Amino acid sequence: MRYLTDRKRAVGKGASGSGTEHFWWMTMSSVALAFLVPTFIFTFGSAIGGTQEEVVAHFARPFPAILTALVTLVGMRHFAKGAQVMLEDYTAGSLRKGLVIFVYSLSYLLTAIVLYALGKMVFMDTAAQMLNQ
Amino acid sequence: MAETKRVERPLSPFMIGPYYRPQMTSMSSILTRITGNALIAGFFLGAWWLIAAVSSPSYFAVVDWIVTSWIGWLFFTAMLWSMWYHYLTGLRHLLWDTGKGLDIEIAEKLGWGALIGATGLTFVSLIILWII
């Protein structure tokens, strides 16, 4: 005999098994991105066309560096969890699990690559300034 | 007492296919998913370009050529449109979450608004980027 009632076992779970947590996370990150993305378009877009030194100097400045890092961190998680929903809609079984692991890995990899590049840009720009003194 | 009984319920057919005609509501919805997932391609090229900028000059030259060529321009313009479209339909979802704008007439108008708005915002963005 089960001691939990049907209701007690169902509350907060639903078909996802985790209630509305995923949905709420996407809502929160979408609001964050709504503030970040319009500025990012111009911060990123205005750097295109510069020389290598200019590109490094551009992203080494605090505002473009922090904004690009934020858009990457929030945007890549938003992508991973959004792509997960798409995969859960159209695929099943081991294929679904494999593809979800793939998009999660891809978004973490791209995040790490961008953060590494930004960090090295700050370092390169600081070194260049010290050499000029 | 708590045994679950499987009930055979009819499933609603997929919105794209022979059962429904193409409609603004379903098409603007699927386009939200397509643009959102397509943006990973733009992010991929952007990240590649950034990592190339901290690599050797010859390596940067290769990636920068792709980014600044007409192919790169066309690609990033498509990404810009996708970004703005996904942005506007994302705002539409936030509106829907409050329980407003769910009537068919308003939802269809919001669909057209996202299509026209994304195109307009892409042009405005390109003009601003050309000036600055």
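This is a predicted model: local features need pLDDT of at least 70, side-chain atom pairs count only at pLDDT 80 or more; totals for chains, interfaces and linings use all residues.
User: Let's start inside. How many residues has the largest nonpolar core?
Analyst: The largest nonpolar core has 22 residues. Those with the most contacts inside it are Val56(A), Phe59(A), Val114(A), Ala117(A), Met121(A), Leu50(B) and Ala53(B).

User: Which elements give two or more residues to this core?
Analyst: From chain A, helix H3 (52-60), helix H4 (62-90) and helix H5 (93-132). From chain B, helix H1 (24-53) and helix H2 (57-68).

User: Now the contact between the chains. How many residues come from chain B and from chain A?
Analyst: Chain B puts in 28 residues and chain A puts in 27 residues.

User: On the side of chain B that touches chain A, which elements give two or more residues?
Analyst: H1, H2, helix H3 (70-97) and helix H4 (104-131) of chain B. H1(B) gives the most, with 11 residues.

User: How do the residues on that side of chain B divide into nonpolar, polar and charged?
Analyst: They divide into 20 nonpolar, 6 polar and 2 charged.

User: Stay with H1(B). At what angle do H1(B) and H2(B) pack?
Analyst: About 150°, with the axes 8 Å apart. That angle makes H1(B) roughly antiparallel to H2(B), because angles over 145 degrees count that way.

User: Is the crossing of H1(B) and H2(B) left-handed or right-handed?
Analyst: The crossing of H1(B) and H2(B) is left-handed.

User: Which residues meet there, in H1(B) and in H2(B)?
Analyst: H1(B) brings Leu45(B), Trp48(B), Trp49(B), Ala52(B) and Ala53(B). H2(B) brings Tyr59(B), Phe60(B), Val63(B), Asp64(B) and Val67(B). By class, this contact of H1(B) with H2(B) has 9 nonpolar, no polar and 1 charged.

User: And H1(B) with H3(B), at what angle do their axes cross?
Analyst: Roughly 135°, and the axes come within 8 Å. That makes H1(B) oblique to H3(B). H1(B) passes H3(B) in a left-handed crossing.

User: Which residues make that contact?
Analyst: On H1(B), they include Leu31(B), Leu39(B), Gly42(B) and Leu45(B). On H3(B), they include Phe75(B), Phe76(B), Met79(B), Tyr85(B) and His86(B). Leu45(B) is also one of the H1(B) residues that meet H2(B).

User: What classes are in the contact of H1(B) with H3(B)?
Analyst: There are 9 nonpolar, 8 polar and no charged residues.

User: Ile40(B) next. Where is Ile40(B) found?
Analyst: Ile40(B) is in helix H1 of chain B. The C-alpha atoms of Ile40(B) and Met79(B) are separated by 9.3 Å, though the two are 39 residues apart along the chain.

User: Why is Ile40(B) partly exposed?
Analyst: Because 19 other C-beta atoms lie within 10 Å of Ile40(B), and a buried residue needs 20 or more.

User: Switch to chain A. At what angle do H3(A) and H5(A) pack?
Analyst: About 105°, with their axes 8 Å apart. That makes H3(A) roughly perpendicular to H5(A).

User: Which residues of H3(A) and H5(A) make the contact?
Analyst: Val56(A), Ala57(A), Phe59(A) and Ala60(A) of H3(A). From H5(A) come Leu118(A), Met121(A), Val122(A), Met124(A) and Asp125(A). The residues divide into 8 nonpolar, no polar and 1 charged.

User: What does Met26(A) touch, not counting residues up to four places away in sequence?
Analyst: Met26(A) touches His78(A), Lys81(A) and Gly82(A). Met26(A) lies in helix H2 (residues 21-45) of chain A. Met26(A) and His78(A) are 52 residues apart in sequence and 6.4 Å apart in space, C-alpha to C-alpha. Met26(A) counts as partly exposed, with 17 C-beta neighbours inside 10 Å.

User: Last one. Is Leu102(B) buried or exposed?
Analyst: Leu102(B) is exposed, because there are 11 other C-beta atoms within 10 Å and the cut-off for exposed is 12 or fewer. Leu102(B) is found in the loop between H3 and H4 of chain B. Leaving aside neighbours within four places in sequence, Leu102(B) is in contact with Trp96(B) and Ala107(B).

How values were computed
Residues are numbered from 1 along each chain as its sequence is written. Chains are lettered from A and ligands numbered from 1 in the order in which they are written. A nonpolar core is a set of buried Ala, Val, Leu, Ile, Met, Phe, Trp, Tyr and Cys residues joined through C-beta atoms within 7 Å. Helices (H or I, at least four residues) and strands (E, at least two) are DSSP runs, numbered from the N terminus. Two residues are in contact if their C-beta atoms, placed from the backbone, lie within 7 Å. Ala, Val, Leu, Ile, Met, Phe, Trp, Tyr, Cys and Pro count as nonpolar, Asp, Glu, Lys and Arg as charged, and the others, Gly among them, as polar. Axes are lines fitted to C-alpha atoms, for helices over the stretch in contact, and angles run from 0 to 180 degrees between N-to-C directions. Angles under 35 degrees count as roughly parallel, over 145 as roughly antiparallel, 65 to 115 as roughly perpendicular and the rest as oblique. A crossing is left-handed if the near helix is turned anticlockwise from the far one by less than a right angle, and right-handed if clockwise.
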